[in-house]
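Biologist: I want to learn how to read charged pairs and helix packing in a model. Can we take it step by step?

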Amino acid sequence: MSAQRRRVLDLYKRLQYMGREYPGGPEKFRQRCYNAFKRQSTETDPEKIEKAIGLGEYVVKEIEALYSLRKYRAMKRRYYDEK
């Protein structure tokens, strides 16, 4: 199995795992993720594949930031009085 293929599969699995708590619901996220990967499945140019992997890794970081912000807001609501 090629290194790029392994990276794409790892990215897909990571996105599926992270989408479990996505605000729109896990099924909606899973379907959108599947469609995005399916659209790019016929790509054979290594440079375009690397670009798509980079974009996917950016999405992973954005989802992590979204979850961190949600966690911070919940803690703030829980422990600080709002005036």
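Modeller: Start with exposure. Buried means under 20% relative accessible area, exposed means over 50%, and partly exposed lies in between (1.4 Å probe, protein chains only). By that scale Glu 57 is partly exposed, at 30%. Keep the source in mind: this is a predicted model, where local features need pLDDT of at least 70, side-chain atom pairs count only at pLDDT 80 or more, and totals for chains, interfaces and linings use all residues. Residues are numbered from 1 along each chain as its sequence is written, and side-chain values use heavy atoms, with hydrogens and water left out.

Biologist: How many salt bridges are there?

Modeller: Side chains of opposite charge can pair when their charged atoms come close. A salt bridge here is a side-chain nitrogen of Lys or Arg within 4 Å of a carboxyl oxygen of Asp or Glu. The count is 5.

Biologist: Which residue forms a salt bridge with Glu 57?

Modeller: Arg 7 does, with the closest N and O atoms 3.7 Å apart. Arg 7 lies in helix 1 and Glu 57 in helix 3 (residues 46-79), so the pair ties together parts 50 residues apart in sequence. Helices are DSSP runs (H or I, at least four residues), numbered from the N terminus. Arg 7 is partly exposed, at 34%. A network of salt bridges links Arg 7, Glu 50 and Glu 57.

Biologist: How far apart in helix 1 are Arg 6 and Asp 10?

Modeller: They are 4 residues apart in helix 1 (residues 3-18), which means about one helical turn separates them. Arg 6 is partly exposed at 35%, and Asp 10 is partly exposed at 34%.

Biologist: Now packing. At what angle do the axes of helix 1 and helix 3 cross?

Modeller: Axes are lines fitted to C-alpha atoms, for helices over the stretch in contact, and angles run from 0 to 180 degrees between N-to-C directions. Contact means heavy atoms within 4.5 Å. The axes of helix 1 and helix 3 come within 10 Å and cross at roughly 25 degrees. Helix 1 and helix 3 are therefore roughly parallel; the cut-off is under 35 degrees.

Biologist: Which residues make the contact?

Modeller: Among them are Leu 11 and Leu 15 of helix 1, and Ile 53 and Val 60 of helix 3. Arg 7 and Glu 57 also take part.

Key: Helix = DSSP H or I, 4+ residues; strand = E, 2+ residues; numbered from the N terminus. Parallel < 35°, antiparallel > 145°, perpendicular 65-115°, else oblique.
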